Amino acid sequence: MKKLIAIVMIAFAGLATVQAQGAMDKFQVQVDGLGCPFCAYGLEKKFKEFKGIKDVAIDIETGDFTFSYPAEKALSLEAVEKQVEKAGYTPIAGGVTRSDGTIEALHGKKNQVATKSAKTVSGKTMVSGNCSMCQARIEKAAMDQVGVLDASWNKNTKILELQYDETTTSVEAVEEAIARVGHDTEHHKAHKEAYENLPGCCQYERIESKKPQR
């Protein structure tokens, strides 16, 4: 009887090990700069360096890049971000759902440098763009500015709503940062080169700027 119990326990232990080895983490990254099938091929080829990668899918229109990776290898989001950059592209949003259900974000919406205070104010401005890839790029450019607590762009109204520390930054400073990544704003127009470097789906109809291009 004891031998039978031991055999059963060993069998269960072996099954648990097999299941653990088969567990997969699911990654999703929004990548800026994927303008054609060749770009997608280059990104996928770079990620094939991660042995064990499966279920690779790339949507050129939205920039969404998804794949699965063995949970036992504990691939970090930092490593994924660096691999995207090595392929020549920019990761602008995303995250991973671990095999145990834990969710990690590649870029948190909240700027850890800024905290709400008496100097926190709200503001909004118009920013040109077309799609969810534009949204991620615009919001990241805003959130990268020290003093910005929150940034949310609506692709239907084209309005960017901000919360920021007025002693550290301003709506105009945020507009300048967004224009540098290729998006015209209410008061600042992106340089032609920055605009033309946007993926085709992101090349919006340009608007008149109230200030001359710098």
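Begin by selecting helix α3, residues 77–86, in which Leu77, Val80, Gln83 and Val84 are buried (buried means under 20% relative accessible area and exposed over 50%, with a 1.4 Å probe and protein chains only). Seen down the axis of α3, these buried residues fall within an arc of 120°, so they line one face of the helix; the arc is that of the directions from the helix axis to the C-beta atoms. An α-helix has 3.6 residues a turn, so residues three or four places apart point the same way.

The model is predicted: local features need pLDDT of at least 70 and side-chain atom pairs count only at pLDDT 80 or more, while totals for chains, interfaces and linings use all residues. Residues are numbered from 1 along each chain as its sequence is written, and side-chain values use heavy atoms, with hydrogens and water left out. Helices (H or I, at least four residues) and strands (E, at least two) are DSSP runs, numbered from the N terminus.

Next, turn to the face of α3 directed away from its buried side, where the exposed residues Glu78 and Lys86 are found. Then display what covers the buried residues of α3, including β1 (24–32), α2 (37–47), β3 (64–70), β4 (90–97) and β5 (103–105).

Within α3, select glutamine 83. Is this residue buried or exposed? Glutamine 83 counts as buried because its relative accessibility is 4%. Its contacts (heavy atoms within 4.5 Å), leaving aside neighbours within four places in sequence, are with Lys46, Phe47, Glu49 and Phe50. Just after α3, glycine 88 has a positive phi of about 100°.

Now select helix α4 (residues 132–143) together with helix α5 (residues 171–180). These two helices pack at an angle of about 130°, with their axes 9 Å apart. Axes are lines fitted to C-alpha atoms, for helices over the stretch in contact, and angles run from 0 to 180 degrees between N-to-C directions. α4 is therefore oblique to α5 (under 35 degrees counts as roughly parallel, over 145 as roughly antiparallel, 65 to 115 as roughly perpendicular and the rest as oblique).

Which residues make the contact? Ile138, Ala141 and Ala142 contribute from α4, and Val174, Ala177 and Ile178 from α5.

Finally, keep α5 selected and show its buried residues, Val171, Val174, Glu175, Ala177, Ile178 and Ala179. They pack against β6 (120–126), α4, β7 (148–153), β8 (159–165) and α6 (192–196). Glycine 182 follows α5, with a positive phi near 110°.
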